[in-house]
Amino acid sequence: MTVVHHSAPGRVNLIGEHTDYNLGFALPIALPARTAVTFEPSDSAELTVHSDRADGPARFRVDTTPGAVTGWAAYVAGIVWALRHAGHDVPGGTLTISGGVEMGAGLASSAALECAVLGALLRAAGLHLDPIEQARIAHRAENEYVGAPTGLMDQLAILFAEPLRAQLIDFCHLTLRPVAFDPDARGVALLLINSHATHRHAGGEYAARRASCEQAAAALGADSLRDVQDRGVAALADAADPDTVRRARHVITENQRVLDTVEALEAADFAAVGRLFTASHASMRDDFEITTEHIDLIADAAIDAGALGARMTGGGFGGCVIALVTADMKAAVEAAVRQRVGDAGYRRPTIIHIRAGHGPGDQAAP
Ligand code: GLA
């Protein structure tokens, strides 16, 4: 049987954090970094998975069920399980994974792995599933097999990614609209500042935020916070519990910032986009409480050194900050951030200049 290759990128969410499971809006792009998979199908009923990030291979049967495989290989087994659950046969064989997306950095390394494995299995089986269906399968693997209660953003961001474009995702209607995103053409750079402080989403904080949002919606007599979006923060006037108000206020204002960012991008107004980034960070820090002192310091250092704006990206509690900087300020901002963060006793961050990259395909990892 033929050997197939498939790879999928990580994602950077430009804005719209913790809005996906609240049926709101987000605006992600794909990272240049990719996770690549080689699949050699066989007649066996077993899959063997090698990863350049693990000491030994993992082995499981193609009729695996939740709980049978744990750790990193659960994401792979989860895809096999979810694909079979959707009525598709999965052959046995050997999968070899080369992980190019840093784990725990808020860059959706889990979804990159899921989408790369899914694409390789589909390719080997000669199956064509539309990307929404693929996103649902990968999401199911993560929620029900791995047990991480994440939303649908990462899978949609990856599967629909296009170079030099962001995707405006509406999670209520499950629609995506490409939005031109080419700051470099306007003399502005998007910097990805990696704190190297890692998080774990299967851990309690993400689930706790999700539960708070559900409580907030219930307290407002709504099925989801999206139902009150049109009323804006005025919808919260009668809510009693201050924690509920702050969590919901983040979601409602963040959704509006996503829409405002799209408008600013359409006007190529990167100064306005920067201000929206900074406001989003403040909302994540003060209302949603998902940043850390380390991450706040990185964002503040970038802004104090002259960035147009900066915000944490991803689920929170560590990971990466993105900053928009004019080309003439880039070197100074990078140097100032490294210095201030190092002086505060944290590891010096890694900073790269990124552009919106390709979606999944048979391209190898760079
Ligand atoms: C993680 C989850 C996503 C989303 C973000 C926060 O990346 O996987 O579903 O909730 O956090 O925006």
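Guide: Let's start with one word: a residue is called buried when its relative accessible area is under 20%, exposed when that area is over 50%, and partly exposed in between. And keep in mind that the model you're looking at is predicted.

Visitor: Why is arginine 257 called buried?
Guide: Arginine 257 has a relative accessible area of 9%, and the cut-off is under 20%, so arginine 257 counts as buried. You'll find arginine 257 in helix H6. Leaving out residues up to four places away in sequence, arginine 257 touches Ile15, His250, Leu276, Ala279, Ser280 and Ser283.

Visitor: How do you know that isoleucine 252 is buried?
Guide: The relative accessible area of isoleucine 252 is 2%, and buried means under 20%, so isoleucine 252 is buried. Isoleucine 252 sits in helix H6 too. Not counting residues up to four places away in sequence, its partners are Val228, Gln229, Gly232, Val233 and Leu236.

Visitor: Then what makes alanine 268 partly exposed?
Guide: Alanine 268 has 24% relative accessibility. Buried would need under 20% and exposed over 50%, so alanine 268 counts as partly exposed. Look for alanine 268 in the loop between helix H6 (242-266) and helix H7 (270-286). Its phi is positive, about 50°, although alanine 268 is not a glycine. Proline 183 is 85 residues away along the chain, yet the two C-alpha atoms are separated by 8.0 Å.

Visitor: Which other alanine has a positive phi?
Guide: Alanine 108, with phi near 65°. Alanine 108 is in the loop between strand S6 (92-99) and helix H2 (109-125).

Visitor: Is alanine 108 buried or exposed, and how do you know?
Guide: Its relative accessible area is 9%. With the cut-off for buried at under 20%, alanine 108 is therefore buried.

Visitor: Where is glutamate 17, and why is it called buried?
Guide: Glutamate 17 is in the loop between strand S1 (4-13) and strand S2 (25-26). Its relative accessible area is 1%, and buried means under 20%, so glutamate 17 qualifies. What does glutamate 17 touch? Leaving out residues up to four places away in sequence, the partners are Met153, His250, Glu254, Met284, Arg311, Met312, Thr313 and Gly314.

Visitor: What makes isoleucine 295 count as buried?
Guide: Isoleucine 295 has 0% relative accessibility; the limit is under 20%, so isoleucine 295 is buried. It lies in helix H8 (residues 293-304). With residues up to four places away set aside, isoleucine 295 touches Ser195, His281, Met312, Gly318, Gly319 and Val321. Alanine 166 is 129 residues apart from isoleucine 295 in sequence and 24 Å apart in space, C-alpha to C-alpha.

Visitor: And the whole chain: what is it made of?
Guide: The protein chain has 9 helices and 12 strands.

Visitor: What makes the chain as compact as a globular protein of that length?
Guide: Its radius of gyration is 20 Å, while the globule rule gives 21 Å for 366 residues. Those values are close, so the chain is as compact as a globular protein of that length. The C-alpha atoms fill a box of roughly 60 × 50 × 40 Å along the principal axes, and buried residues make up 55% of the 366 residues.

Visitor: What makes a group of residues a nonpolar core?
Guide: Its members are buried residues of the nonpolar kinds, such as Leu, Ile, Val and Phe, joined through side-chain atoms within 4.5 Å. The largest nonpolar core has 80 residues, and those with the most contacts inside it are Leu14, Leu27, Ile29, Val117, Phe181 and Leu190. A second, separate core has 37 residues, including Leu225, Leu297, Ala302 and Val341.

Visitor: Which residues is isoleucine 29 in contact with?
Guide: Leaving aside neighbours within four places in sequence, isoleucine 29 is in contact with several residues, among them Val12, Leu14, Phe181, Leu190 and Ile354.

Visitor: How many side chains carry charge?
Guide: There are 30 positive and 44 negative side chains, and the centres of the two sets lie 3 Å apart.

How values were computed. Residues are numbered from 1 along each chain as its sequence is written. This is a predicted model: local features need pLDDT of at least 70, side-chain atom pairs count only at pLDDT 80 or more; totals for chains, interfaces and linings use all residues. Side-chain values use heavy atoms; hydrogens and water are left out. Helices (H or I, at least four residues) and strands (E, at least two) are DSSP runs, numbered from the N terminus. The radius of gyration is taken over C-alpha atoms; the globule rule is 2.2 Å times the number of residues to the power 0.38. Buried means under 20% relative accessible area, exposed over 50%, partly exposed in between (1.4 Å probe, protein chains only). Lys and Arg count as positive and Asp and Glu as negative; His and the chain ends are not counted. The place of a charge is taken as NZ of Lys, CZ of Arg, CG of Asp or CD of Glu. Contact means heavy atoms within 4.5 Å.
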